[in-house]
Amino acid sequence: MAKPKIGLSMLYSLGKNFNESLNEIVKANVKFIEVVDDGLHALDKRRVSELKSLGESYGIKYSLHAPFADVNIASPSTPLLKAMIRRLKNSLDNARVLNAYLWIFHPGLETGISMFYPGKAWVQNRETVQLLCKTAEDYGIKIAIENVPEPYPFLMKNAEHFKKFYSEFDGDVGLVLDVGHANLNGQIEFFIETFPDRLMHIHAHDNDGTADQHLGVGYGTVNWEKFANALKKVSYSGTVVVESVENVQESLRKLEVLLV
Ligand SMILES: [Mn+2]
């Protein structure tokens with residue numbers, strides 16, 4: 001029977017310099033690595049080619065997390081939105097060169113002026129996704145949007161938001177279920193049951209139910225057994241990557257036991 005594939009996001013090493021994180025990739029000894037195209041690890045041509053040859057040497061498949069710091073795909077400012085879309089398209093191109101199996105991005109946010117333009121941010125969010133989808137298709141890259149956490153003013157946090165989005169959206173964009181984020185609104189299993197066909201990728205980390213702490217698997221209130229059973233029920237065979245910022249190796253081992 002199909003079972004999930006386990007991987008590791010390099011988010012935990014974002015404070016280390018890029019070369020150090022390359023060593024971490026080798027040490028981690030996992031076949032699925034998620035690279036975060038942001039902060040100290042923002043990609044350029046040289047870094048992409050370094051990652052690529054590392055991947056070829058060690059048989060690693062990459063997913064690429066789009067830049068997200070200060071990024072708002074629903075921005076009401078035309079010049080800022082243009083700059084952000086340029087940066088996101090550049091990241092999509094990195095994914096293309098890297099031969100990444102998936103490019104993951106965050107939905108947009110409401111801003112301090114959204115109250116004056118009801119519904120506008122939601123429409124801009126959808127239109128930017130449409131644009132990214134088109135570029136991704138041209139590049140032959142699959143893309144997926146992630147459920148993001150309370151209490152931030154993101155437009156897509158719960159399953160209702162995703163239902164509305166998918167009912168209005170015409171294009172091939174998958175769902176990345178972030179387990180820690182979904183733990184904050186109690187919808188981990190509900191997301192899995194509601195979108196089994198959209199679900200392409202999973203971020204695994206834990207928290208105490210009050211804040212997005214990115215703790216190791218088992219260090220918070222996530223019911224991992226229930227999560228694993230829900231995945232089994234829908235025969236999920238995609239990737240589950242550890243996205244905690246601590247207890248990374250231990251989290252990998254726990255998932256291996258959990259998802260057999
Ligand atoms: Mn995540």
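## Pairing of β6 and β7

Strand β6 (residues 173-178) runs parallel to strand β7 (residues 199-204), and four bridges join the two. Two strands count as paired if DSSP finds at least two bridges between them. Strands are DSSP runs (E, at least two residues) and helices are DSSP runs (H or I, at least four residues), numbered from the N terminus. Leucine 175 has leucine 199 in β7 as its bridge partner.

This is a predicted model: local features need pLDDT of at least 70, side-chain atom pairs count only at pLDDT 80 or more, and totals for chains, interfaces and linings use all residues. Residues are numbered from 1 along each chain as its sequence is written.

## The β5 side

β6 also pairs with strand β5 (residues 143-146). Four bridges link them, again in parallel. Glutamate 146 has valine 176 of β6 as its bridge partner.

## Burial of β6

Five of the six residues of β6 are buried (20 or more other C-beta atoms within 10 Å of the residue's own, with C-beta atoms placed from the backbone).

β7 is joined to strand β8 (residues 239-242) by four bridges, in parallel. Histidine 203 stands opposite valine 241 in β8.

Eight strands close into a barrel, in the order β1-β2-β3-β4-β5-β6-β7-β8, with parallel pairing. The twist averages 30° from one strand to the next (axes are lines fitted to C-alpha atoms, and angles run from 0 to 180 degrees between N-to-C directions).

Technical notes: Buried ≥ 20, exposed ≤ 12 C-beta atoms within 10 Å, placed from the backbone.
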